[in-house]
Amino acid sequence: MALKIQPLSDRVVVQPQEAETKTASGLYIPDSAKEKPQQGKVVAVGKGKKDHEMTVKVGDTVLYGKYSGSELKLEGNDYLIMREDDILAII
């Protein structure tokens with residue numbers, strides 16, 4: 001799947017994973033109690049800055065802060081655009 005968006009500089013486009021709908025013990029979580037996902041898959045990466053190469057690459061699964069990035073809806077899917085600095089870890 002090729003996105004029709006190219007992030008600039010040190011920005012990354014992440015597709016958040018779906019929020020859990022069921023607990024480990026089998027209880028269903030109502031929509032009002034679901035937490036915002038903090039994990040997603042990188043779908044596009046900018047070229048980086050002059051003195052900084054990008055660490056993440058397309059296809060990486062990453063962890064990011066709960067309120068990181070700007071929400072974007074493109075071609076019917078939800079994405080987040082954030083700086084690479086907002087990414088906490090690569091899984």
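Among contacts in the protein between residues at least 6 apart in sequence, what percentage join residues at least 24 apart? In this predicted model, the figure comes to 62%.

The protein has 6 strands and 0 helices, so reading along the sequence simply gives β-β-β-β-β-β. Of the 91 residues, 27% count as buried.

As for confidence, the average pLDDT across the protein is 85, with 89% of the residues scoring at least 70. Among the strands, β3 (residues 61-64) comes out highest, at a mean of 94. Strand β4 (residues 70-74) sits at the other end, with a mean of 89.

One residue gets a closer look here. Tyr28 lies in the loop that runs between β1 (11-16) and β2 (39-45). Is the side of the story told by its accessible area buried or exposed? Tyr28 has a relative accessible area of 63%, and because the cut-off for exposed is over 50%, Tyr28 falls in the exposed class. Leaving aside residues up to four places away in sequence, Tyr28 touches Thr21 and Lys22. Tyr28 is thus a loop residue that is exposed and still has contacts with Thr21 and Lys22.

Note on methods. Residues are numbered from 1 along each chain as its sequence is written. This is a predicted model: local features need pLDDT of at least 70, side-chain atom pairs count only at pLDDT 80 or more; totals for chains, interfaces and linings use all residues. Side-chain values use heavy atoms; hydrogens and water are left out. Helices (H or I, at least four residues) and strands (E, at least two) are DSSP runs, numbered from the N terminus. Buried means under 20% relative accessible area, exposed over 50%, partly exposed in between (1.4 Å probe, protein chains only). Contact means heavy atoms within 4.5 Å. pLDDT is the predictor's confidence in each residue, from 0 to 100.
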